[in-house]
Amino acid sequence: HEIYQQLSNDLSRRDNKKSLAMLKVKLDYEKQKQSLIDENKRSLARQRNYTILAIIIFFILLSITFLVYRNQEIQKKLNIELYNKTASLEERESELKAINATKDKLFSIIGHDLRGPIGALQSLLDLFANGDLTKDEFLTQMPKLKSDVDSISFTLNNLLSWGQTQMNGAVTKPKR
């Protein structure tokens with residue numbers, strides 16, 4: 001019976017050792033399983049954070065791209081408007097140059113038309129003042145002098161009329 005007891009105890013111990021070893025292995029397995037699950041959760045959380053960060057960066061880049069594109073479109077519109085205004089200004093500048101050339105030509109013609117008769121009157125008065133011309137000779141030149149003064153007066157009146165119509169606009173007064 002003692003042998004049986006001893007064998008039974010030995011077998012029981014072996015079974016207990018096996019069971020204990022199995023429990024230890026099972027416990028280690030559960031711990032490893034739990035640590036792997038925790039590690040997976042941390043990895044998933046990190047990946048989720050990276051994904052959210054990547055999405056945020058994507059939307060920021062998308063917003064920046066949109067703003068840059070919109071600014072380029074606005075810039076294109078402004079450049080077109082600037083080009084059109086520049087062309088208009090250049091056209092106006094050429095018109096202004098033509099008008100100034102016409103004005104200069106007109107003043108040149110008027111100056112020439114006034115210089116001749118005034119120069120003749122001045123010469124006649126200088127000759128008379130210096131005594132190179134007698135009173136009778138001066139009087140014989142009076143019709144020519146009157147004609148020159150009338151011409152000057154007519155030219156000045158036309159010039160003043162033209163200037164007034166240019167400043168105020170032409171006003172017509174129809175008469176019968």
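In which helix does Leu 156 lie? Leu 156 lies in helix 3. The model described here is predicted; local features need pLDDT of at least 70, side-chain atom pairs count only at pLDDT 80 or more, and totals for chains, interfaces and linings use all residues. Residues are numbered from 1 along each chain as its sequence is written, and side-chain values use heavy atoms, with hydrogens and water left out.

Helix 3 covers residues 142-168, and helix 1 covers residues 2-130. Helices here are DSSP runs (H or I, at least four residues), numbered from the N terminus. Two packed helices are described by the angle between their axes and the distance between the axes. For helix 1 and helix 3, the angle is about 155° and the axes are 10 Å apart. Axes are lines fitted to C-alpha atoms, for helices over the stretch in contact, and angles run from 0 to 180 degrees between N-to-C directions. Helix 1 and helix 3 are therefore roughly antiparallel to each other; that term applies to angles over 145 degrees. Their crossing is left-handed. A crossing has this hand if the near helix is turned anticlockwise from the far one by less than a right angle.

The residues that meet come from both helices. Helix 1 contributes Leu 106, Ile 110, Leu 114, Pro 117, Ile 118, Ala 120, Leu 121 and Leu 124. Helix 3 contributes Leu 145, Asp 148, Val 149, Ile 152, Thr 155, Leu 156, Leu 159 and Trp 162. Contact means heavy atoms within 4.5 Å. The residues of this contact divide into 14 nonpolar, one polar and one charged. Nonpolar covers Ala, Val, Leu, Ile, Met, Phe, Trp, Tyr, Cys and Pro; charged covers Asp, Glu, Lys and Arg; the others, Gly among them, count as polar.

Asp 148 lies in helix 3. Asp 148 is buried, with a relative accessible area of 10%. Buried means under 20% relative accessible area, exposed over 50%, and partly exposed in between (1.4 Å probe, protein chains only). Leaving aside neighbours within four places in sequence, Asp 148 is in contact with Pro 117 and Ala 120. Thr 155 is also placed in helix 3. Thr 155 counts as buried because its relative accessibility is 19%. A polar atom of the Thr 155 side chain lies 2.9 Å from the backbone oxygen of Ser 151.

Leu 156 is partly exposed, at a relative accessible area of 37%. Its C-alpha atom is separated by 13 Å from that of Leu 106, 50 residues apart along the chain. Asn 158, another residue placed in helix 3, counts as partly exposed at 39% relative accessibility.

Phe 107 is found in helix 1 and counts as partly exposed at 45% relative accessibility. Phe 107 and Leu 159 are 52 residues apart in sequence, yet 9.8 Å apart in space, C-alpha to C-alpha. Phe 128 is found in helix 1 and is partly exposed, with a relative accessible area of 34%. Leaving aside neighbours within four places in sequence, Phe 128 is in contact with Leu 133, Thr 134, Lys 135 and Phe 138. Phe 128 and Phe 138 are ten residues apart in sequence and 6.9 Å apart in space, C-alpha to C-alpha.

Definitions and conventions:
Helices (H or I, at least four residues) and strands (E, at least two) are DSSP runs, numbered from the N terminus. A polar contact is a pair of N or O atoms within 3.5 Å; within protein, one must be able to donate a hydrogen and the other to accept it, and residues adjacent in sequence count only if both atoms are side-chain atoms. Angles under 35 degrees count as roughly parallel, over 145 as roughly antiparallel, 65 to 115 as roughly perpendicular and the rest as oblique.
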